Amino acid sequence: MQDFSFYNPTRIEFGAGKIAKINQLVPADAKVLVLLGGESAKKNGTLDEVLSALGERETHQFSGIEPNPSYETLIQAVELIKQHNIDFLLAVGGGSVIDGTKFVAAAALYPEDAWQILVTGGKHIKQALPFATVLTLPATGSEMNSGSVITRKSLQAKLPFGSPLLFPQFSILDPVKTYSLPQKQIANGVVDAFVHVMEQYLTYAADAPVQDRFAEGLLQTLIEIGPKALAEPENYQVRASLMWTATLALNGLIGAGVPQDWATHMLGHELTAQHGLDHAQTLAIVLPEMLRQRKASKMTKLVQFAQRVWHIENGTDDEKAEAAIEKMRAFFESLGVATRLSDYQLGAEHIEPLIHSLTKHNMVALGEHGDVTPDLCRSILQASL
């Protein structure tokens, strides 16, 4: 196991009716900006619950944060904050709303051009507004980590950033709030959480049995409950398990002390930025061939993945690895998340612009060994057609 520092100050309030706890957790004199995505929080009554819990506090709203939150939209929220002297933010939504809120929290107090937050990966963030979240879509884990990904539409750039100052103060996780979600969003959430685990687990052996077993348990849980989450939308225990698994997939625990990859995410970001695919869709496209093309350096963990997660015992190591990759692809497909570029009307002609953009964003030495080059990414995309 590698040396590590682990820090996570986010308080989790989990369970039905926990939105009422907001009244105790937000400062009584706070000027609050509630940040929202579309209309779902308004239609299903979540927003009314939040406003009721905020009571007599001065409250403003900002809605319209996109599924891939855009710099252009979020800058408008920053202006609203300055106009009303807002001092506390409350994200009500899924990972995109929470990611956007993290950017707004940093940008509102950033002394320079806020675009530099993304260009520098958040390295120079010195302060941020306090914020909290009410999670309505289990997927990204953003409710319990300090990272974010923002798109600048005008530049077709989707860039990650983070800072220890961007952990939510608290997050409300009420599984009931997921009941009304479209099946597509639930399927995407399962895939997103699955790939988050894989990015931290499927690298190379690091003599970290606790992290490995924890990661494998999360993967097995997603395989078990994914179909149930689609078939039984109001099964509280299933939705609770999905919500907590997605949080644990990216709150720092399973990644502490082990090598991490994230090449699939970086290449997937380019697909979203250029073609508007859902984040989970891009991961489902890229990951199978990312693993196959890098099979030699990942063989030990691929065989472990095959045996422990998929219970594949027969065949050579190579055959086990291949079978595990195809089991994973079939799992994604069974949820309704397609795994080929052609499934999204993308062809060979779209590959070079993606590679050019990857290079422009300096994503030229990705993966746990820094050996995922633009040329390798080209081969991965070609094999994903």
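Angles between helix axes run from 0 to 180 degrees, taken between N-to-C directions. The structure treated in these exercises is a predicted model.

**Exercise 1.** Find how helix H11 and helix H13 are oriented to each other, and list the residues that meet.

Solution. 
- Step 1: H11 covers residues 279–293 and H13 covers residues 317–334; their axes lie 10 Å apart, at an angle of about 175°.
- Step 2: Angles over 145 degrees count as roughly antiparallel.
- Step 3: H11 and H13 are therefore roughly antiparallel to each other.
- Step 4: From H11, the residues that meet H13 are Ala 284, Leu 287, Pro 288, Glu 289, Leu 291 and Arg 292. From H13, they are Glu 322, Ile 325, Glu 326, Met 328, Arg 329 and Phe 332.
- Step 5: Sorted by class, this contact has 7 nonpolar and 5 charged residues, and no polar ones.

**Exercise 2.** Check the length of helix H10 and say how many of its residues are buried.

Solution. 
- Step 1: H10 consists of the 13 residues 263–275, which at 1.5 Å a residue should span 18 Å.
- Step 2: The C-alpha atoms at its ends are 19 Å apart, which agrees with that span.
- Step 3: Of the 13 residues in H10, 12 are buried. Among them are His 265, His 269 and Glu 270.
- Step 4: The elements covering the buried residues include strands S6 and S7 and helices H7, H11, H14 and H15.
- Step 5: Just after H10, Gly 276 has a positive phi of about 75°.

**Exercise 3.** Is Ser 384 buried or exposed, and which residues does it contact?

Solution. 
- Step 1: Ser 384 is placed in the segment after H15.
- Step 2: Buried means under 20% relative accessible area.
- Step 3: Ser 384 has 1% relative accessibility, so this residue counts as buried.
- Step 4: The Ser 384 side chain reaches the backbone oxygen of Ile 380 at 2.7 Å.
- Step 5: With neighbours within four places in sequence left aside, Ser 384 is in contact with Ile 285, Glu 289, Thr 339, Arg 340 and Leu 341.
- Step 6: One of these, Glu 289, is also among the H11 residues that meet H13.

Note on methods:
Residues numbered from 1 in each chain as written. Predicted model: local features only at pLDDT ≥ 70, side-chain atom pairs only at ≥ 80, totals over all residues. Heavy atoms only, no water. Helix = DSSP H or I, 4+ residues; strand = E, 2+ residues; numbered from the N terminus. Parallel < 35°, antiparallel > 145°, perpendicular 65-115°, else oblique. Contact = heavy atoms within 4.5 Å. Nonpolar A, V, L, I, M, F, W, Y, C, P; charged D, E, K, R; others polar. Expected span 1.5 Å × (residues − 1). Buried < 20%, exposed > 50% of the residue type's maximum accessible area, 1.4 Å probe, protein only. Polar contact = N/O pair within 3.5 Å; in protein donor to acceptor, adjacent residues only side chain to side chain.
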